[in-house]
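Hello,

Here is the structure I promised to pass on to you. Have a look at it first, and then read my notes below.

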Amino acid sequence: MSAIEETKEIGVAKAAPKPAGAAAPSDAPTTTERLLTFGVGVLVAASVVLLKRYVSGEVVGLEVVGLLVLAAVVAFFGHRRVLDLLSSVRFGVLMLVLLVAACMVGMVIMQLNVEGFDKYYADLTPAQKMLYGGLGFFDIYHVWYFNALLLILSLNIILASIDRFPKAWTFISRPKLDASARWLRGQEQHAELLFRGEGRVAVSERVAAALSAARMKATVTEKGGRTFIFGERGAWNRLGAYAVHVALLTIFTGGFLTSQFGYNGSMWLAPGESADTHKELIYELGAENLKMTERPLQLPFVVECTDIQQKLIKKDGPITADNTLDWLTYVRIKDKETGALVREGVVHMNKPLDHEGYRFFQASFQGLGHARHITLRLTPEAGGATEDVTIKRDGATTLPDGTTIEYAEFFPDFVLQGGRPATKSGDYNNPAAVLNVTAPNGEKRRAYAFFSAEAAAAPMLKQPVGGYTYKLVDFEKSPSAHMLAVQNDIGSTVVYIGFGLLALTLASVFFFSHERVWAQVEEREGGEVEVVLGGNTNRNRLGFEDRFKRLRDALGARAVEVK
């Protein structure tokens, strides 16, 4: 083995020499190769069209034109040179930088689907509106060049993996089982030991046992009167980078599916209401103003709201976003055809609900005050002790004497308008509950319960209804309705799988390594046996140095180290 050959990385196949007089291969593709290249581009473009029509019914325009142009360029200029460029690591880094820059634009400039975009757009100057709109900055994740960057970066990862995978696979499929003493002495970790009183076979067995004790798979071979022992661990780590590539491509695929076929909508829900549609806002950008229209979208199931709750920081404070710890919407999801209950769930402020590719977020709430439950103090008309009862919204309770009290309505700022109860505002200035009272004899009447002592002391309210007078002594504040944001995120599961795979592969790549140790065992004059050790690793060199020293020390207990 020559000095040049010995310095090459062990385990990498060497290129076969070219025959004398052989012509250099041409970079220009044949006509058949050009047609095949363009045909693949046409198939990819057709797949995008069919997929988008199948999922959303939309017709694709610029995306298909771009794919066809790219296929034509590759076919015309020569696929070999283009593939060399597309598989370049530098080119991939450039695409990644551009993709990150585009994502930063999306974080700095408010996007169309974000609540409050209309106010943000109104505050921009006409020049900003024209520039940002023309460059697609308001919808950066759906603009054509963002998808093009994503596609090219994905293609770069695939081609780079294909180009470099055979070299990495040789470490597993065809490991180098022997190495010259000169090459072993040139490794960062190496040692030379002399054994006396033992034969070559016994020393070889000792070395193999030491490698096995170090959790390395040992392989013994004979060649030229010498014994070679090769031990390694973590060879699969060489493929970790390609597992990372698969994880990234999985994430990119999920993001692309969401950006192309997903959508965002919203729906209002109040307790007792059901909905099987939500509305998506469609924005039309103009130089001076923003035109918004709503597009109804069907859900494949029915969402029924059973209750809403607002957890306030200060219970006596108003129902506002800055006074809210969490707001919750309790829902039931039912089959659209049969009405059968599919599942129950709760949508929190910071914990969305996922169902069949749809995700429900808390978006807003109706500021008109309501009460989730009320506590009434009942004073019997015939005298006796008062009694407190609590009734849930739209609920009822039956007293021991058979009287039924139903919680009918709630007014945060009670007022009579035209002889009918109404609310002056959404604030809790004069809270009152409207009750439907059914006496034991079946007589039904309406009663009012006020929170303030002044209102409850009014003569008309002191008149008993169903044998009782009523006072509102407590209630849990709650908005009238919640707005849920509905996101059809068909790529979310794919993205989650990709991130999970990425975490696992990154952990395996950085916390494990491919360690290799070679030992050449040769008999010398005088009955001595010489062992030349050498090894390397692809990462964590400090840890490998410690393990190599322990291996050397384990062998050196009955050996003399050569200085």
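Which residue forms a salt bridge with Arg524? The partner is Glu530, and the closest N and O atoms of the two are 3.8 Å apart. Please keep in mind that this is a predicted model. Arg524 is partly exposed, at 39% relative accessible area, whereas Glu530 is buried, at 10%.

In total, the structure holds 26 salt bridges. Another one joins Glu280 and Arg295, with 2.3 Å between the closest N and O atoms. This pair links distant parts of the chain: Glu280 sits in strand E5 (residues 274-285) and Arg295 in strand E6 (residues 290-312), 15 residues apart. Glu280 is buried, with a relative accessible area of 12%, while Arg295 counts as partly exposed at 35%.

Glu545 and Lys549 meet at 3.3 Å, N to O; both lie in helix H14 (residues 541-556), 4 residues apart, or about one turn of the helix. Salt bridges that share partners also join Arg185, Glu192, Arg524 and Glu530 into one network.

Next, the strands. An open sheet of 3 strands runs in the order E12-E11-E19, with antiparallel pairing. Its edge strands are E12 (387-392) and E19 (468-479), each pairing on one side only. Strand E11 (residues 369-380) pairs with E19 over 10 bridges, and Leu376 stands opposite Leu472 in E19.

Finally, how many disulfides does a search of the whole structure find? The count is 0.

Enjoy exploring!

Note on methods: Residues numbered from 1 in each chain as written. Predicted model: local features only at pLDDT ≥ 70, side-chain atom pairs only at ≥ 80, totals over all residues. Heavy atoms only, no water. Pairing = 2+ DSSP bridges. Helix = DSSP H or I, 4+ residues; strand = E, 2+ residues; numbered from the N terminus. Disulfide = S-S within 2.5 Å. Salt bridge = Lys/Arg side-chain N within 4 Å of Asp/Glu carboxyl O. Buried < 20%, exposed > 50% of the residue type's maximum accessible area, 1.4 Å probe, protein only.
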